[in-house]
Amino acid sequence: MKAITIAKDVYWVGANVHTEDLFEGIWPIPHGVALNSYVVKGRENAIVELVREWGGASHVLIENLNSLKISPEDINYVILNHLEPDHTGLIYLSKSIAPQAKFVTTEKGARLLEGFYGITENVIEVKTGDEINLGNGKKFIFTEIPNVHWPETMATYEIDSKVLFTGDAFGAFGVHQGSIFDDETPEIHKQYWEEETLRYYSNIISMFSSSVLKGIDELKRFDTRVIAPSHGLVWRGNPQAIINKYVRYSNYNRDLGEPEICIAWGSMYGNTEVMLNAILKGIASVGVPVHVHRVPNEDPSFILSDAYKSAGLIIGCPTYEYSMFPPMKYFMELLKKKSIKYKKVLYFGSYGWSGGAQKDFEKLSENMNWDISESITFKGHPTPEECEKGETVAIKLADEVKKIPSKIKNEEY
Ligand SMILES: Cc1cc2nc3c(=O)[nH]c(=O)nc-3n(C[C@H](O)[C@H](O)[C@H](O)COP(=O)(O)O)c2cc1C
Ligand SMILES: [Fe+2]
Ligand SMILES: [Fe+2]
């Protein structure tokens, strides 16, 4: 592997990881993930973000450094914008092979450095506005952007190259498709990046949306030419495009989202599915895009993406042992955890004798700021009249969703 030049004396030295592992032990990454790491060369040298020992990433990082004729003992600073192990796993190695390197992080980051890696020496704690001068014109200025994604997070701006290293902010799942840069991304790969960025945002970042907006505001003071996140593309051609995308995503928690409907449904014996078809017929007659996902057959990671961006959310599942069909209960708990609020919502489902799923649905809907339609529940197989009612309620919801304006704009790159 070879390092890739981003600007004069600023390089990408990261790794694209293809692995069967789940990200954070939960989220599938069928397209892998990029662990971006960077080198800035001045009179002294700095590495910004490390990688985790994962799918050969450490080896690739060392090879990339070798291609720059930098060996670990030439590194003076390790800048850690974020202490999550996907960016710090290699620290144990740098401790033994680059003992001279100083770790640069926030005060909260220093506590994590101690907790995760037992490191208390050679640590420089920085606050917003602090600077480190590497010499030869290269100088860092730091900005705390707490809770994007963890409380210790900061961003690092290099004033000569105008590169802003943002940690998880502006990141995405997915490995690079032949180029690390936005302006070398062909049209055909843009849908891939849209999906992997939204899925990363909805799975990892969504509950921190207000911190994302605050962080974006803080970082406006820099004349940023390149956004260099710790995952996904490096935004060199149009950094504003990824800022606009992240602003759009963070607002999906307040402005309902896109005029689309996400249906998450599950069924044991097909009765709930009969009503699903009636509901789909109603939605189709209005002509609103619909994303249909079955649980537990599909992984919640992908369903969360569509649920997060869609203004309409429909949950369909039967009663199971006096409560909600368990995989749907798990999915609804994730909706709560990931703060998927302000949606137009409908529940439907079959039960055998006394029900119970609807009660769970109501409990799990509390404090979500959802506008909830009258639930459609039925004993066993739904009657034609019940199906007609389901279709009518779906038409009403789809009509409301259709009126919501799309928020997608200014994201050309
Ligand atoms: C394992 C199991 C547990 C069930 N528990 C309940 C229950 O506690 N209360 C109830 O009213 N119905 C219960 N039922 C009945 C189902 O809710 C009913 O068969 C329903 O029609 C299933 O919908 P489906 O065909 O979409 O899977 C249970 C069914 C199964 C198979
Ligand atoms: Fe993270
Ligand atoms: Fe990360």
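Me: What are the ground rules here?
Reply: The model is predicted, so local features need pLDDT of at least 70, side-chain atom pairs count only at pLDDT 80 or more, and totals for chains, interfaces and linings use all residues. Residues are numbered from 1 along each chain as its sequence is written, chains are lettered from A and ligands numbered from 1 in the order in which they are written, and side-chain values use heavy atoms, with hydrogens and water left out.

Me: Metals then. Which residues coordinate the iron ion (ligand 2)?
Reply: His 82 (NE2), Glu 84 (OE), His 149 (ND1) and Asp 168 (OD), at 1.9 to 2.4 Å. Donors are N, O and S atoms within 2.8 Å of the metal (3.2 Å for Na, K and Ca). Water is not among the atoms, so sites may look incomplete.

Me: And the spacing of those donor residues in sequence, what is it?
Reply: H-x1-E-x64-H-x18-D for the iron ion (ligand 2). His 82 sits in the loop between strand S7 (77-79) and helix H2 (85-88), and Asp 168 in the loop between strand S13 (163-167) and helix H5 (187-205), so this pair ties together parts that are 86 residues apart in sequence. Helices (H or I, at least four residues) and strands (E, at least two) are DSSP runs, numbered from the N terminus.

Me: His 82 and Asp 168, buried or exposed?
Reply: His 82 is buried, and Asp 168 is too. Buried means under 20% relative accessible area, exposed over 50%, partly exposed in between (1.4 Å probe, protein chains only).

Me: What are the donors of the iron ion (ligand 3)?
Reply: From the protein, Asp 86 (OD), His 87 (NE2), Asp 168 (OD) and His 231 (NE2), at 2.2 to 2.3 Å. Along the chain they follow D-H-x80-D-x62-H. His 87 is in helix H2 and His 231 in the loop between strand S14 (226-229) and helix H7 (239-251), so that pair ties together parts that are 144 residues apart in sequence. Both His 87 and His 231 are buried.

Me: How far apart are the iron ions, ligand 2 and ligand 3?
Reply: 3.5 Å, and Asp 168 coordinates both.

Me: Why is the arrangement around the iron ion (ligand 3) irregular?
Reply: Its 4 donor atoms subtend angles of 85 to 173 degrees. The iron ion (ligand 2) site is also irregular, with angles of 87 to 165 degrees among its 4 donor atoms. Four donors count as tetrahedral if all angles lie between 85 and 135 degrees; four count as square planar and six as octahedral if opposite donors are over 155 degrees apart and all others between 65 and 115; anything else is irregular.

Me: Switching to ligand 1. Which residues come nearest?
Reply: Ser 267, Met 268, Thr 272, Tyr 322 and Ser 350, of the 18 residues around it. Near means a heavy atom within 4 Å.

Me: What about polar contacts with the backbone?
Reply: A nitrogen atom of ligand 1 is 3.0 Å from a polar backbone atom of Gly 352. Oxygen atoms of ligand 1 are involved with Trp 353, where a backbone N or O atom lies 2.9 Å away, and with Ser 354, where the distance is 3.1 Å. A polar contact is a pair of N or O atoms within 3.5 Å.

Me: Now positive phi. What's the story with Asn 367?
Reply: Asn 367 is not a glycine, yet its phi is about 60 degrees. Its place is the loop between helix H11 (357-364) and strand S21 (371-372). Asn 367 is exposed, at 68% relative accessible area. Asn 410 also has a positive phi, near 50 degrees. Asn 410 counts as exposed at 58%.

Me: Last one. Which residues of helix H4 are buried?
Reply: Gly 109, Ala 110, Leu 113 and Tyr 117, in a helix of residues 107-117. They cover an arc of only 105 degrees around the axis, so they are on the same side of H4. That arc is taken from the directions from the helix axis to the C-beta atoms. Their cover includes H2, helix H3 (91-97), strand S8 (102-105) and strand S9 (123-125).

Me: Where is Thr 105?
Reply: In strand S8. Thr 105 is buried, with a relative accessible area of 0%. Beyond its neighbours within four places in sequence, Thr 105 has contacts including Ala 110 and Leu 113. Contact means heavy atoms within 4.5 Å.

Terms used: A polar contact is a pair of N or O atoms within 3.5 Å; within protein, one must be able to donate a hydrogen and the other to accept it, and residues adjacent in sequence count only if both atoms are side-chain atoms.
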